[in-house]
Each structure stands twice: as structure tokens, then as C-alpha cells.
Amino acid sequence: MGTAERWYRMENGNFFENGSQTAGLALGLLDAEGKAFVRLDPSGRIIALTPRAEQILRQLPLRDIGETLSGETARALRRAATEGVPISLRETIDDEAYRLELRPGAGECLLYLAPEREETVLTIDQLADRRLRNALSSVAVCEGEEKQQAVRRIYRMLNQVELLRGAEGLPRKPEPGDLSDVCRRAAASVSLRRPDFCLTLDCPPAPAVFVERELRVAVCQLLTNAILAPDVTEAALRCGRGDGMVWVEAADNGAPLSQAQFETLCAGCWQAADPRAFERRGPSPGLGLPVLCRIARLHDGTLTLRDEGAGWKAVRLSFPDDLPAPRRLRMHSTLFESGFDLEDIELSVL
């Protein structure tokens, strides 16, 4: 340990500066449950760790949190810390799955790490398996257009699973494009499927660099989440750019969604005390928000929930308008989509 680190530990070694004895006892109980906390500065440098966090990350103060985490997760945490927005992610550390939640503060951030317990949550793989089985059952008993609709939903689920697993095909090069074109195309497809639904479009030119297929999926996912929200009667699709960022969002006047609920859905795990509970809730919860988080991270961006007041909420995907970081080579996709348009698949739940 260097002199600077020894000094830093001597001055800031306790996770709670001037913390009370009861705070330390509470922290000890959380450590015993495998839960850990890290204090970070806005650039992602570690200020202090709880003992459990030090065991998990194997890092010391003054080190960058990205030295332990994957590049995508580290970039997402830094951007969220810089922009002052909370974010929830799923990360595997030493073959163990953890839920990471970042809470920005004044001059520093709190990072919470907790192990994902498969016995108490429904994981992405479990959810995908159950939904695929349900969809295959539908194909077996449906005929005509209903059968084709069921097939589209199976392809949609496979799209989601492969995006989440990082196997979305041979690497696609980010290309210059206009996000407003992607939005107009998706909105036109929605109007054909739901001509009675009130969807407004506010999409001025928003040139940027992105992977076109991934953004088409993202816009469709944003739209389906908004249109299928409980008690919704109106939705809006918007895009724009500014301050070096480009963004697309879907807003709706449906039932409120708290920040905690939003982050739970983004993390891709659900309480599973009743294995049939999620099946009775229709198309939600699904894998839409975890997929959106994945697409955002692949573009060095973030996904945020915005309260617009007057009963409206919006989910926004934002990312830099210049070239994102190079991505590693991925496996070729196993999807077979012959005869179906991408929007046909992604909007099949409407």
C-alpha cells in the first residue's frame, strides 16, 4: 500500500465519517447479508468501502471502480454519476451475480451492491424460459393470423434474450443516421396496428451515430412500454439533441411508476413467490427495460425515468451524438426472421 493510500485510509478510512456506533452496527448486519456499499466521487474513483465491498471488489480507496467492473457497466456508472441520475444495473463479479444501484449525491455517490438470490427473484433466464413456453403453447393451439402473431412474439422474445446476452449477431458498425427517421418509422407501424390510439410525434431532426437495428428495437420497446402501461389513454414519442447528447423518449399518461419500481424492472428480476403471478399481468413485466438498458450501455448512454407532472411520465434513452467506443466481436445470431419485418416483430404485443 502506497503512502498516499495509507494517508487516505487514515483520514477517510471509515465508511461513515464521524459515524455513530449504531450506524456501524447496522453496517455490520448488512455485511453479514452480503450487502455492500461504496462511496465514489463523480469520476468513479473510490472514496471509501465497507468491509464487504472490499471483499467483493478487491479494491482500495483512490482506485477507479471500473478496474473491477465490465467496461459497459463502468461507463454507465460514470455517466450516471456525472449526470446526477440514479441507475440500477446487473453485473457478474467472480461468477457471482450482483445488483448494483448508484445514488448520486452532492459531490459524491453511493454505490450499493447486493447478491441476486435466485430463490427469491425471477431472473431474466427464468422469465424468458416461461414466456417462450407460453408462446409456443399459443402457436400449438392457434390458427391463421393468430398463429402468425404468436410466432412474431416468439421472435421478439428471442431478440430480447440475444440482445441481453450480447449475441445480437456479427458486430454491426455504428453509422451516421437520423434518430427522427427511426421514430417516424416506428410511429407509422403503430398507427397501422392501433389506429384508434392517441399517439403524438415530436421528432425534429436528430443526427447522430448509432447502430440502426439496435435503435429500431429500442424505439419499439419504448413505444410498447408506454402504450401498454396500465390506464393509459395517450402517449407521445419524442427525440432531440443538445449538449453533445441525442435522446429518444416515450411518454404516457398511464399509472404512475416509482423510481424504485423502474429500477427493479431495469434490473431484470421480479419477485416470484407465486410462479404464476407474472403470467396474470399480461405483457408486463417483460424484458423490455433490461433490453433498453443494454442498448443504452452499448451506446455509452443511460436510461432514465422522468416525471413530467400532470400525470405524465417518460422513459428516456440518451447517448453521445458522436462515435461510441469500439465493441468486441460477438457471436453470430441464431435468429431466423425470414418473412417478418423488425417492427412487425417488436410491435407484435400491441
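Start with strand β4 (residues 96–104), which is joined to β5 by seven bridges, the two running antiparallel. Strands here are DSSP runs of E with at least two residues, helices are runs of H or I with at least four residues, and both are numbered from the N terminus. Two strands pair if DSSP finds at least two bridges between them. Tyr-98 stands opposite Pro-115 in β5. The hairpin of β4 and β5 has four residues between the strands, and Gly-107 takes a positive phi near 85° there.

This is a predicted model: local features need pLDDT of at least 70, side-chain atom pairs count only at pLDDT 80 or more, and totals for chains, interfaces and linings use all residues. Residues are numbered from 1 along each chain as its sequence is written, and side-chain values use heavy atoms, with hydrogens and water left out.

Ala-36 stands opposite Leu-113 in β5. Six of the seven residues of β5 are buried, so the strand is largely enclosed by the rest of the structure. Buried means under 20% relative accessible area, exposed over 50%, and partly exposed in between (1.4 Å probe, protein chains only).

Now turn to another sheet. Its five strands form an open sheet in the order β8-β10-β11-β14-β13, with mixed pairing. β8 (198–202) and β13 (302–309) stand at the edges with a single partner strand each, so one side of each is left without a neighbour in the sheet. Neighbouring strands are turned by 20° against each other on average, direction ignored. β8 runs parallel to strand β10 (residues 234–242), with five bridges between them. Leu-201 has Leu-237 as its bridge partner in β10.

Helix α9 (residues 259–267) lies across β13 and β14, at about 155° to β13. Helix α10 (residues 288–298) packs on the sheet, touching β13 and β14, and its direction makes about 120° with that of β13. Such angles run from 0 to 180 degrees between N-to-C directions, with axes fitted to C-alpha atoms, for helices over the stretch in contact.

Where does Lys-313 sit? It is found in strand β14 (residues 312–320). Lys-313 is buried, with a relative accessible area of 12%. Its side chain makes a polar contact with the side chain of Asp-252 (2.7 Å). A polar contact is a pair of N or O atoms within 3.5 Å; within protein, one must be able to donate a hydrogen and the other to accept it, and residues adjacent in sequence count only if both atoms are side-chain atoms. The side chain of Lys-313 also reaches the backbone oxygen of Ala-255 at 2.7 Å.

Finally, the cores. A nonpolar core is a set of buried Ala, Val, Leu, Ile, Met, Phe, Trp, Tyr and Cys residues joined through side-chain atoms within 4.5 Å. The largest has 49 residues, and Val-248, Leu-303 and Leu-317 have the most contacts inside it. Helix α8 (residues 212–227) gives the most to this core, with nine residues. A second, separate core of 24 residues includes Val-38, Leu-49, Ala-80 and Val-85. Over the whole chain of 350 residues, 51% count as buried.

Conventions: Contact = heavy atoms within 4.5 Å.
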